[in-house]
Amino acid sequence: MTDSVWLDHGGALGGLRVLDLSRILSGPFCTMTLADLGADVVKVEDTKGGDDTRAWGPPFHGEDAAYFLSVNRNKRGIAVDLKDPECRALVQRLAHTADVVVENFRPGTAARLGLGYAEISAANPRVVYASISGYGQTGPFRDEPGYDAIAQALSGVMSVTGEADGPPVRFGVSGADLAAGMWATIGILAALRERDRTGKGQWVDISLLDGQISWLTYVATGYFTSGSVPQRYGSAHPTIVPYQAFPTGDGHLMVAAGNDNLWRRFAPAIGLGDLAEDPRFATNPDRVRNRAELLALIEDKLATRSAGEWSKLLSEAGVPAGRINTVAEAFEHPQVLARELIAEVPHPAGPVRTVASPIKLSASRAAVRTPPPGQGEHTDQVLGALGLDSGRRAGLRDRGAVR
């Protein structure tokens, strides 16, 4: 009977069954990505407030916070009390026929609820079980709660983010949570591919801290190579000059003259052609060594025109540059519009605009099919498909075990 719970939405991941035990951001971002590609995602929430992010506002759209709406589309939602033995058994039944289970409790919590990897994989050896936590399933910090900002801090990412003469700052978005969600998605797809060969699932262990450490990439290798502790450079690049934001007559312009050829185009394009072959600035190592002197000259010149004018001139010269947009301006950019990166979904309080999937597949388009579910919106549908008649569902509801 459990098989009748699951739906096939078509798409690249059509027929993939995902049980979503996650909340907040990292897990829901992962499962939304899978859902956009066609997976059937059943999201489990508690019977009280549901996912915490439902209340993380303003802004709100109807009763739901924009935060919740941003990462929960294309899912079906049930609200059950996992501490209730009957409800827990029902969720276990879902897990036993799922292809993928995603959870982001503290390590050990899912196991205490009878929904850990060992319990689920014993009954469902094909399951790909993804756990997202602050620090992973091993190590001395294993049991500590995971927070995006703390992962950014401990990883060193914050130490290299911000102006050189200012304090360290976090990303303007929750980079540790979003990175963990992306790594979880990649891990899940890799595990599913291996299951195609072996018939067996496995445990995908993802942590916010691991993900942030992985993002250090060239910063880390630079430290390992030189022994010098990386510093903050604001919008600038530690090893490429000029590669940063500059003030102009009406805003900021990001310039990315990433090699010597681009430098030799950039300098004359802004009226500093005599600097192109100046021995102080002839090669990138020269420009890095003489960074302060060169940047002062560039800043004086770029302050004489608007960001739009410079962007046009540099584009004509073949130099990568772009005005630093506000979020509102970004969504009006012609390339963003052409790439169809804004989606609209229905909602009881009126249509919701949201960010569309950035994944472009030539044959299996990622789609925004349905709005984020109301709390417990599909409880009756799912429990009915599990074989519970209306009287039994009413009994669970009367005692507060489901919503």
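Modeller: Start with the contacts between two helices: Ser26, Phe29, Cys30, Thr33 and Leu34 in α1 meet residues of α7, among them Asp177, Leu178, Met182, Ile188 and Leu189. Contact means heavy atoms within 4.5 Å; helices (H or I, at least four residues) and strands (E, at least two) are DSSP runs, numbered from the N terminus. The model is predicted: local features need pLDDT of at least 70, side-chain atom pairs count only at pLDDT 80 or more, and totals for chains, interfaces and linings use all residues. Residues are numbered from 1 along each chain as its sequence is written, and side-chain values use heavy atoms, with hydrogens and water left out.

Biologist: At what angle do α1 and α7 pack, and how are they oriented to each other?

Modeller: The axes of α1 (residues 26-36) and α7 (residues 175-198) lie 7 Å apart, at an angle of about 45°. Axes are lines fitted to C-alpha atoms, for helices over the stretch in contact, and angles run from 0 to 180 degrees between N-to-C directions. Angles under 35 degrees count as roughly parallel, over 145 as roughly antiparallel, 65 to 115 as roughly perpendicular and the rest as oblique. The two helices, α1 and α7, are therefore oblique.

Biologist: How is α8 oriented to α7?

Modeller: Trp183 of α7 is among the residues that meet α8, where Trp215 is one of the partners. The axes of α7 and α8 (residues 208-215) are 8 Å apart, at an angle of about 95°. That makes the pair α7 and α8 roughly perpendicular.

Biologist: Why do the buried residues of α13 line one face of the helix?

Modeller: In α13 (residues 307-316), Ala307, Trp310, Ser311 and Leu314 are buried (under 20% relative accessible area; exposed is over 50%, partly exposed in between, with a 1.4 Å probe and protein chains only). Lys312 and Glu316 are exposed on the other side of α13. The buried residues line one face because, seen down the axis of α13, they fall within an arc of 100°, taken over the directions from the helix axis to the C-beta atoms.
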